[in-house]
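Have the sequence and structure open as you read.

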Amino acid sequence: MASPAVVEISRWQFAITAVFHMSFPALTVGLSVFLAVMYTVHLRTGNPLYLQIFRFWKKIFAVGFGLGVVAGTVMTFEFGLNWGRYAHAVGPILGVTIGMEVITAFFLEAGFIGIMLYGDGRVRPRTMAFACWMLVVGTLLSTTWILSANSWMQDPAGFTEVDGQFRASNWWHVLFNPAFAYRYPHILLAVLISASWFIGGIAAWYLVKQRALPFARRTLSVALGVLAILMPVQLYVGDATAAFMGVHQPAKLEAFEGNWKTDNNGYNLLVVPDTDKGENRFHVEIPHLGAVIGKDLSGEAHVPGLLQTPTNDRPNMWSAFYGFRAMYFTALAMFGMAFAGVVLRLRGRLYTARRFHRLMVWMAPAGVVAISGGWITAETGRQPWVVYGLIRTSDAVSHLSLGAAIAGLTGFVAVYALLLGLWIRYIVRTVRTGPEHLTADAGAGVHPSEISHA
């Protein structure tokens, strides 16, 4: 068994890698859908404004997509380097799942991303549109396989244990395990919402600066239209997911509610937990709200406490509680802003409400923050298990020296900090440069062989 220090360092390294990687598909999955829709609308209407929107967002998507693929590939190497015992145990199941992502999603993306990025004006517009939609299929397939694998770790099913390895006895139950049915729609909605906030926030910046106004208005309108539809659905799906986890992983629910004893019906806004004593040194709560959120309208039902779970099976309340609050409070803020956008649209003030635009700019990364908070809640709330109920995290780490673990963590932090800085710098530079100027020429973006038919 690895030393506690090596286990903790390996956990931090993988956590940083995972959050860094997640920040890219949190935007690019939704951006791929947005780009496909914009190019298709341009193809159907001939309106150059949609081509302008497509060409601008294509630049940001391309770099984010590339960085996301690289960061995701690194995670698979970490399975073997830092988590070798885990990889040996689950390889017959998760190795196949990740392999299916490669031969379906990666191959599809690799086959069509070049056309999407460089085919504008070089291939037929319908070929361009087809490539865009195939890229959408690829990103959704990638999301599906990864969520299937991670959901199996949360609620394993369809397996037998043979000589210390978990092998599939029913692939349908493995891939579409009980947690997948709740977590997949939750994360799919999350990435679409995240991209919409990012798009809307940048569109709002142009309105604040009074630049590229047709581009900004149309982009903001589309983003807020999507958010007005998806945000209420996401709140319902998120609540259903939390209820499911409360049954299948009760310790996670107990930890992110922030209670130790099952004698409280309030909702905690702030806690300072004392893990050794099993109590909160300090907390701020809203009385009865916890029971109401738990579907007891009388407000009297007690919220479960973490003392119900044996000491050795308890997750860290700090990370689960504040990860959940980051996700939940950000989601509430996004819902409020989406509702305000609907009101402003109905009152005809969507493009003139300057304070709203400034708030939208600040909300641009909100979706990424919410997804990161949710991911932290899901992963730390599963602890001390790396595969829930089957493999403890302390038993999953490779036999590494402390020096090797520290060197790996230091190297990853340095490289990812550099890449994150360059990524943000590229976005800022691209936004400041602005969308290219387009004319209403009939041949804009049309393959030369079709000009006579345009």
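How many helices and strands are there in the protein? There are 14 helices and 6 strands, counted as DSSP runs numbered from the N terminus (H or I, at least four residues, for helices; E, at least two, for strands).

## About the model

This is a predicted model, in which local features need pLDDT of at least 70 and side-chain atom pairs count only at pLDDT 80 or more, while totals for chains, interfaces and linings use all residues. Residues are numbered from 1 along each chain as its sequence is written, and side-chain values use heavy atoms, leaving out hydrogens and water.

## Overall build

Along the principal axes, the C-alpha atoms fill a box of roughly 75 × 50 × 40 Å.

## Inside the protein

Of the 454 residues, 50% count as buried, meaning under 20% relative accessible area with a 1.4 Å probe, protein chains only. The largest nonpolar core has 103 residues; such a core is a set of buried Ala, Val, Leu, Ile, Met, Phe, Trp, Tyr and Cys residues joined through side-chain atoms within 4.5 Å. Helix 7 (residues 178–209) gives this core its largest share, 15 residues. A second, separate core of 13 residues includes Trp260 and Phe321.

Trp57 is among the residues with the most contacts inside the largest core. Beyond neighbours within four places in sequence, Trp57 is in contact (heavy atoms within 4.5 Å) with residues including Leu31, Phe198 and Phe215.
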